[in-house]
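Here is a quick tour of one chain, written to be read with the model open beside you. Which helices pack together, and what lines the main pocket?

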Amino acid sequence: MTGRLNSAQPYALGLYRIVVGLLFLCHGAASLFGVLGGAAGTGGTLDAGTWPGWYAAVIQLVGGAFVLLGLGTRVAAFVAAGSMAYAYFKVHQPNALWPMENGGEAAAMFCWALLLLVFTGSGAFGLDRLFAKRSTEERKPAAEPVTV
């Protein structure tokens, strides 16, 4: 049983990355474009350049897209996790200690979910793997010519 689960790990991790990236991207799209309920469920958008909301939404949109595609996953997840840690400690935590009390559940969950991807990488189905495969093939030396 453990062997089967271990062999499926890259695929489960790839699906996990896709779901986390898509959900993160949707948060950014909602805040920037007013889709999916808009900013904070109001149907509206954030004013361009407002601190910290608009910048967080840009990180969510772009970082979510990179994580979703598995392109630069570790770097994108690191930046995104940092933005969610900032959101939790600067926006939510001053209101109350626990995420259930201060409305910071999403920030805390995204922070930890993205931080996990920093350490695990993209898993299967990511563009990181495709590019890594190509670069290792380019670095392989050609076969030695055989003299007859």
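## Helix packing

Axes here are lines fitted to C-alpha atoms, for helices over the stretch in contact, and angles run from 0 to 180 degrees between N-to-C directions. Helices (H or I, at least four residues) and strands (E, at least two) are DSSP runs, numbered from the N terminus. Keep in mind that this is a predicted model: local features need pLDDT of at least 70, side-chain atom pairs count only at pLDDT 80 or more, and totals for chains, interfaces and linings use all residues. Residues are numbered from 1 along each chain as its sequence is written, and side-chain values use heavy atoms, with hydrogens and water left out.

On to the pair itself: α3 and α4 pack at about 150°, and their axes lie 9 Å apart. From α3, the contact (heavy atoms within 4.5 Å) takes in Ile59, Gln60, Gly63, Phe66 and Val67, while α4 brings Thr73, Ala76, Ala77, Val79, Ala80, Ser83 and Met84. Sorted by class, that makes eight nonpolar, four polar and no charged residues. Ala, Val, Leu, Ile, Met, Phe, Trp, Tyr, Cys and Pro count as nonpolar, Asp, Glu, Lys and Arg as charged, and the others, Gly among them, as polar.

## The largest pocket

A pocket is an open set of points on a 1 Å grid over the protein atoms alone, where a 1.4 Å probe fits, with protein on both sides within 12 Å along at least five of seven lines; lining residues have an atom within 4 Å of a point. The largest one has a volume (the space filled by probe spheres set on the points, which are joined across faces, edges and corners) of about 680 Å³. Its lining counts 30 residues, and Ser31, Gly53, Ala56, Gln60 and Met84 are the closest to the centre.

At least two lining residues come from each of α2, α3, α4 and α6. The lining splits into 20 nonpolar, 10 polar and no charged residues.

Trp51 and Pro52 are joined by a cis peptide bond, with omega about -10°. Pro52 sits in the loop between α2 (9-33) and α3 (53-69). Phe125, not a glycine, still has a positive phi of about 70°; look for Phe125 in the loop between α6 (105-120) and α7 (127-139).
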